[in-house]
Structures are given as structure tokens and as C-alpha cells.
Amino acid sequence: MTSPKTKTLRLHYPVTVEDREVSEVTITRPKVKDLKAMDAALDGIKDKLDQGIVMAATLTGLPPEVIEELDAEDFTKLSEEVAGFFPQAKAHGTGAPSLPKPPIG
């Protein structure tokens, strides 16, 4: 079974940025070029929240400023959806699932 290429998330709390209302976001399944773009955008960013904003912006096509305006509940749901596109690898030696890690340079 293949995963869908996109997922649309309806926001519980729409935001308005520069006279544009955003009531839903479409998350695109990442390709290698998206991972490269994230890697470049994450260069030097150590803060986990900022990393999440960059990843969400890359996969939604929205500017980071729009992601930053999202309600915390909507951002959490968006982050969970983004994480769902990454495979759950097994930790070496233990067989336990490891958490997906964002590509960091």
C-alpha cells in the first residue's frame, strides 16, 4: 500500500497573514530535494521549535511567518503529520523504534 503524496489539514484556528486567510494547509510528502532544501534551511538552527517551523514551511510551501502565526494546537497537529511522512527506523542494536530525525547539516 502506498502513502498519499499530500495530506490536507484543516486548521481549528485559521490565521490571517497579509490579508490572506489560511484555513487549511496541504502537506506534501517529502522528496529528496525537499530533504536537501530542509538541510540547507536548517544550517545553524539548533532550536527544535525553529527546526519544526522550517520543516513545516518546506513541506507546506507556506512562509515561516505563516507557520509562526498558527495556534499551538494546529502547529502540534501539523508537526505530527509532518513526522508521519518519515519512516520509523529501528534503533541499532535494540530493535526499538527510533524517532524520525530531521535532516541536519
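Predicted model: local features only at pLDDT ≥ 70, side-chain atom pairs only at ≥ 80, totals over all residues.

Me: Which secondary structure pattern does the protein chain follow along the sequence?
Reply: Helices (H or I, at least four residues) and strands (E, at least two) are DSSP runs, numbered from the N terminus. Here there are four helices and two strands, in the order β-β-α-α-α-α.

Me: How much of the protein chain is made up of buried residues?
Reply: Buried means under 20% relative accessible area, exposed over 50%, and partly exposed in between (1.4 Å probe, protein chains only). Buried residues account for 30% of the 105 residues.

Me: How does one read the span of helix α4?
Reply: The expected span is 1.5 Å times one less than the number of residues. Helix α4 covers residues 72-84, and its 13 residues reach 18 Å from first C-alpha to last, close to the 18 Å expected. At its N-terminal end, aspartate 71 is the cap, with a side-chain oxygen 2.9 Å from the backbone nitrogen of glutamate 73. That is a polar contact (a pair of N or O atoms within 3.5 Å; within protein, one must be able to donate a hydrogen and the other to accept it, and residues adjacent in sequence count only if both atoms are side-chain atoms).

Me: Why do the buried residues of α4 line one face?
Reply: An α-helix has 3.6 residues a turn, so residues three or four places apart point the same way. In α4 the buried residues are Asp74, Phe75, Leu78, Glu81 and Val82. Seen down the axis, they fall within an arc of 125°, so they line one face of α4; the arc is that of the directions from the helix axis to the C-beta atoms. Ala72 and Gly84 are exposed on the face turned away from the buried side.

Me: Which elements do the buried residues of α4 pack against?
Reply: Contact means heavy atoms within 4.5 Å. The partners of the buried α4 residues are β1 (6-17), β2 (20-28), α2 (48-60) and α3 (64-69).

Me: Which residues touch the most other members of the largest nonpolar core?
Reply: In soluble globular proteins, nonpolar side chains tend to be buried together. A nonpolar core is a set of buried Ala, Val, Leu, Ile, Met, Phe, Trp, Tyr and Cys residues joined through side-chain atoms within 4.5 Å. The largest one has 24 residues, and Ile27, Ile67, Leu70, Leu78 and Val82 touch the most other members. α2 gives the most to this core, with six residues.

Me: Is threonine 60 buried or exposed?
Reply: Threonine 60, in helix α2, counts as buried at 15% relative accessibility. Its side chain reaches the backbone nitrogen of leucine 62 at 3.2 Å. Beyond four places in sequence, threonine 60 touches Val25, Thr26, Ile27, Ile67 and Leu78.

Me: Where is isoleucine 67 found?
Reply: Isoleucine 67 belongs to helix α3 and is buried, with a relative accessible area of 2%. Leaving aside neighbours within four places in sequence, its contacts include Ile53, Ala56, Phe75 and Leu78.

Methods:
Residues numbered from 1 in each chain as written. Heavy atoms only, no water.
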